[in-house]
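Visitor: I would like to learn how to read a helix and a domain interface from a set of coordinates. Could you take me through one case?

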Amino acid sequence: MSPCQSLLFLFVIALHVTLTVTAPANSLPTFFPRAAAYQSLTKQPKAPKPNLPFKTHYFPQTLDHFTFQPKSYKIFYQKYLINTQYWHKEAPIFVYTGNEGDIDWFAANTGFMLDIAPKFKALIVFIEHRFYGESMPFGKDSYESAKTLGYLTSQQALADFAVLIRSLKQNLSSEASPVVVFGGSYGGMLAAWFRLKYPHIAIGALASSAPILQFDKIIPWSSFYDAVSQDFKDVSQNCYEVIKGSWAELEAISTQKEGLAELSKAFRTCKSLHSPASVLGWLWTAFVYTAMVNYPTEANFLKPLPAYPVQQMCKIIDKSPSGATKLSRAFAAASLYYNYSRTENCFEVEHEIDTHGLHGWDWQTCTEMVMPMTCSNESMFPPTGFDYKRFAEQCQMKYGVLPRQHWITTEFGGERLEKVLKRFGSNIIFSNGMQDPWSRGGVLRNISASIIALVTEQGAHHVDFRATTKDDPDWLLELRRQEVEIIQKWLQEYYLDLRHA
């Protein structure tokens, strides 16, 4: 959700299927905001814990909310963060519906909620998603097999949020406090779905960069990568052409006898490469994520990056020496994503480290989060298709399960989702920035007077959730102002109804 990591959002390219350099007919990996591509579900070193103004708590959560078998009553401890600095009894509670990763990471990158807390005297809560971060139902064995991972679903996660919120309000003796849920990327999808599924618990939802239409055939499958390509093309036609042409050069080198050795040297890899596909994935990841987080200020969400990193990448390409190859220019541009801080002497092209605990998303994409994506001839990426059968075979091989291709649209609404929202939903803000490729899978127009789409031409992946800085452009300040105004209206209506009840 999301670099789609994730999303994230969330969330990088998850290599669920084997990508070769030449493959015009190959399946495309299901993609969501992530921070790296991984070779396994092995637990990796964590990122340093950010210093956050929250207290950490652990809630005794039920393993399975939807059956009554003895094993469903197993308890695990779900992490959540809480800030009570501005709150008083019966004031609002703002809840972040956790994404596919450590909750501290999302809290560190969602300063907007803390920024507006004083105005609303709000309690701020960030709830970690089950099977991510420290919220592991089976401890170190949580990822052992489908028998344990089978409890990792969006429906269970939504129920977790509902149970925890109800318990928290009871413990605070503040059951009249209205709850507004916030989420970005996959977390934004969860926030919107939570408002639909549990309208008696949350009075409204702000879903930023939430691609809830990225399923089945609701939108063209090429939309995501066409949008990434357009971001680069808008900055520089030459930049777009260089990246588009670099894949053929990569293919040519990979077919040479010493091709892998040459690529290892050219890409300054820490270890010798085993496959040219890893180079393709390394470049692909850099360009996609940079498009997603093309923030107007310097940021460190997925990686440390300068303001407007797409522009900076294209500047590197456009100012390269005239004799430089397209592939070498693409490498130089991608290096901005991986080494803007200039701390890397070499690159882990084949073994990126999962520092934010995101690897559970592989399971979710192999079960319910099936988002078909393709690359058209207009894309700057090699033309690729989506082969569901092959994708399913890979999931069967990896986990022993088959994806449920239509489950999300069955559970939450498909091609008629907008009509479902109009009839049954209210008080949802869908915020999307058109520079974010995930925006193509989001709600981009008002559905009703209370289901509102706020669309910015320059916005990137849930940029509105980032903490306010002195360098924020006027359009971003205006977007946040509108969000606050709408939330304030929801709360005023709630308290008015409460007084008249």
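This is a predicted model: local features need pLDDT of at least 70, side-chain atom pairs count only at pLDDT 80 or more; totals for chains, interfaces and linings use all residues.

Visitor: How many residues does helix α5 have, and what span does it reach from its first C-alpha to its last?

Guide: In general, an α-helix has 3.6 residues a turn, so residues three or four places apart point the same way. Here, helix α5 covers residues 186–197, and its 12 residues reach 16 Å from the first C-alpha to the last, close to the 16 Å expected at 1.5 Å a residue.

Visitor: Is α5 mostly covered or mostly uncovered?

Guide: It is mostly covered, since buried residues make up 10 of the 12 in α5; among them are Tyr 186, Met 189, Leu 190, Trp 193, Phe 194 and Arg 195.

Visitor: Which domains is the protein chain divided into, and how far apart are their centres?

Guide: Domain 1 takes in 55–216 + 408–500, while domain 2 takes in 222–339, and their centres, taken over C-alpha atoms, are separated by 33 Å.

Visitor: What area is buried between domain 1 and domain 2?

Guide: The size of an interface is often given as the accessible area lost when the parts come together. For domain 1 and domain 2 that area is about 1600 Å², with carbon and sulfur atoms giving 64%. Of the area that domain 1 buries against domain 2, Gln 435, Pro 437 and Arg 466 supply 33%, more than any other three residues.

Visitor: Which contacts and salt bridges are counted across this interface?

Guide: In domain 1, 19 residues are in contact with 16 residues of domain 2; the salt-bridge rule finds 0 across the interface, whereas 4 residue pairs are in polar contact.

Conventions:
Residues are numbered from 1 along each chain as its sequence is written. Side-chain values use heavy atoms; hydrogens and water are left out. Helices (H or I, at least four residues) and strands (E, at least two) are DSSP runs, numbered from the N terminus. The expected span of a helix is 1.5 Å times one less than its number of residues. Buried means under 20% relative accessible area, exposed over 50%, partly exposed in between (1.4 Å probe, protein chains only). Domain bounds come from an automatic or database domain assignment. Contact means heavy atoms within 4.5 Å. Buried area is the accessible area (1.4 Å probe) that two parts lose on being put together, summed over both. A salt bridge is a side-chain nitrogen of Lys or Arg within 4 Å of a carboxyl oxygen of Asp or Glu. A polar contact is a pair of N or O atoms within 3.5 Å; within protein, one must be able to donate a hydrogen and the other to accept it, and residues adjacent in sequence count only if both atoms are side-chain atoms.
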